[in-house]
Structures are given as C-alpha cells and as structure tokens.
Amino acid sequence: ENSLQKTSTCSSVNPSGIFVSPYALNLSSFTKLIKRLQERHPEFSRDEIVEAVQEVRKINKGVLSGLAISAIEEETSAIL
C-alpha cells in the first residue's frame, strides 16, 4: 500500500509567464495564514501559532485542504 496520499493538483502560470507549482501556492496560503494569525495574536510567537495550526490539522484528520482560510484561522484562534 502506498503511504503517500494521492491528490489531484493543478499547476498554473502567473501573468509574467512563470510556472507556479501548486505546492508553492499552498505555501503562500500558509504564509498568509500565519501572518494573519500573528497580527491577530501578537502575544504568541510564530512557533506557538504554527503549533496551533498543526493541532487544527490533527483535529481535521491530518489535512487542512478543503477548509477555508478563515475557518482555519478561527479554529486556530480558539486553540490559542
């Protein structure tokens, strides 16, 4: 059994014609999420916020995809 989860991904080309990997897009979303949470909860360190996001992922069966960023932000804030 393959332990890697198969996912369908689509790649895109940005307006300047540069290939953008779907993984880079996900990382960008993660970065934006962390930045929003840091602004909302300045009393917590980045590491504490990342840990709380990981807890949200664990609660959601190991995945964050499919959840709206705002929903992840709310759940993370509740943990913090």
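**Briefing: charge pairs and surface features**

Lys61 sits in the loop between H2 and helix H3 (69-79). Helices here are DSSP runs of H or I with at least four residues, numbered from the N terminus. This is a predicted model, in which local features need pLDDT of at least 70, side-chain atom pairs count only at pLDDT 80 or more, and totals for chains, interfaces and linings use all residues. Residues are numbered from 1 along each chain as its sequence is written, and side-chain values use heavy atoms, with hydrogens and water left out.

- Phi of Lys61 is near 60 degrees, a positive value in a residue other than glycine.
- Most residues other than glycine have a negative phi.
- Lys61 is exposed, at a relative accessible area of 80%. The classes are buried (under 20% relative accessible area), exposed (over 50%) and partly exposed (in between), with a 1.4 Å probe and protein chains only.

**Salt bridges**

- A salt bridge needs a side-chain nitrogen of Lys or Arg within 4 Å of a carboxyl oxygen of Asp or Glu. The count by this rule is four.
- Glu73 and Arg36 pair through their side chains at 2.5 Å, N to O. Glu73 lies in helix H3 and Arg36 in helix H1 (residues 22-40), so this pair ties together parts 37 residues apart in sequence.
- Glu73 is buried at 7% relative accessibility, whereas Arg36 is partly exposed at 36%.
- Arg40 bridges to Glu74, with the closest N and O atoms 3.0 Å apart. This pair links distant parts of the chain, with Arg40 in helix H1 and Glu74 in helix H3, 34 residues apart.
- Arg40 is partly exposed at 35% relative accessibility, and Glu74 is partly exposed at 46%.
- Lys58 bridges to Glu55, with the closest N and O atoms 3.7 Å apart. Both are in helix H2, three residues apart, so about one helical turn separates them.
- Lys58 is exposed at 61% relative accessible area; Glu55 is partly exposed at 32%.
- Salt bridges with shared partners join Arg36, Arg40, Glu73 and Glu74 into one network.

**Polar contact at Ser77**

- Ser77 belongs to helix H3 and is buried at 13% relative accessibility.
- Its side chain makes a polar contact with the side chain of Arg40 at 3.4 Å. Such a contact is a pair of N or O atoms within 3.5 Å; within protein, one must be able to donate a hydrogen and the other to accept it, and residues adjacent in sequence count only if both atoms are side-chain atoms.

Terms used:
Helices (H or I, at least four residues) and strands (E, at least two) are DSSP runs, numbered from the N terminus.
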